[in-house]
Structure formats: C-alpha cells, structure tokens
Amino acid sequence: MTNEQTAVFGGGCFWCTEAIFQRLTGVTHVESGYMGGRADQATYRAVCNGDTGHVEVVRVTFNPDQISYRDLLDVFFAVHDPTTLNRQGNDSGEQYRSVIFYGDDEQRQVAENTIAELTAEKAFPDPIVTAVEPAEEFHVAEDYHQNYYNENSRQPYCMFVISPKLEKLEKKFAEKLRA
C-alpha cells in the first residue's frame, strides 16, 4: 500500500491548476473543487459571483516517495503569479486568489519556508501574496469541471491560457513529468 498524502492549492482557475498537477510523476489523483465559504454555496455559479468566500482549488493526492510536497510547491509557484492579489490573468476575484491550504503543521512549515526562501531570493519582482491557511472542508466541483483540459484542450480558453502553462511546466520541470 502506498503512503499517499494530499495537498490543496488555489492558484487561479482550477482548470489550469488541475492540468499542471495531473502531469507530474508521483501524483495519483487531482480533483477540482472549492474551499472556504459555506457548504450550501459551493457551486460554480455561486463561487463565480465572488461573494461566497470560496476559492477554486485542486486537491492533489500524491506519493511522497515519488514527489515531495516541496516539489509540488515549486511547481505551484512556477506556474502561476503568486504576486497578484485575487487575480490570475483575466480571472479576477477572491475565488482566484493564490493560497496554500495546509493539512498539518509540517505542510504549513514547508509552505512558509518556501515563501521565505523565494522572497529572500527575490524570485519575483513583486512581493508574494500567497496565503497559507489551514485546510477547511473540500467541496468537489461539478463533474464537468473534472479533467477539464484533457477533455476540452481545443477550447479557446484551454489553448490560450492553459497550454502555455503546460509548455512552461514541460520546459522547467521535464524531469518531474510522467513518461
């Protein structure tokens, strides 16, 4: 039996984030959903209105013997802009904020240390605004949001927003990609 763990990230539209993490060796499952806000408001329509307190997130199940939590964080910070508050590209609103929801104290510490290291290295021209918060109840997104890029890669949003992120992933993290 594998020693699986989970990580939860919000880095803009969950279609983008899901497609990124699905391609990594050691990631066994990625699920789009919502975190924060009230359970009865965890629907795409309500969350898109931007006033429910939810964030579009992905829940990543991974085998730490194959990929570390820190490796996941490195990918997370490389494929979205952690310096813009409540915005990723044309997607704006609190539901698109950059956030790491930690499951335990070890994840919290690794996330905080990673942000501190990136800040010290001046890895970004502007300050990192990514929040580090305790995980709350995860609400699975509607079925049509799951595996979105893989099933809709010819859609304009996928071609113009997600595909360039995947190209960046392939260039920067080729050694971490599935064969």
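Select D105 and R108 first: their side chains form a salt bridge (a side-chain nitrogen of Lys or Arg within 4 Å of a carboxyl oxygen of Asp or Glu), with N to O at 3.7 Å. The model is a predicted one, in which local features need pLDDT of at least 70 and side-chain atom pairs count only at pLDDT 80 or more, while totals for chains, interfaces and linings use all residues. Residues are numbered from 1 along each chain as its sequence is written, and side-chain values use heavy atoms, with hydrogens and water left out.

Both D105 and R108 belong to helix α4 (residues 105–120), 3 residues apart, about one turn of the helix. Helices (H or I, at least four residues) and strands (E, at least two) are DSSP runs, numbered from the N terminus. D105 is exposed at 55% relative accessibility, whereas R108 is partly exposed at 23%. Here buried means under 20% relative accessible area, exposed over 50%, and partly exposed in between (1.4 Å probe, protein chains only).

E112 is partly exposed, with a relative accessible area of 34%.

Now move to E31 and R59, whose side chains meet in a salt bridge of 2.6 Å, N to O. E31 lies in strand β2 (residues 27–35) and R59 in strand β3 (residues 55–62), so this pair ties together parts 28 residues apart in sequence. E31 is buried at 17%; R59 is partly exposed at 27%.

Finally, select H145, in the loop between β8 (138–140) and α5 (148–152). H145 is buried, with a relative accessible area of 0%.
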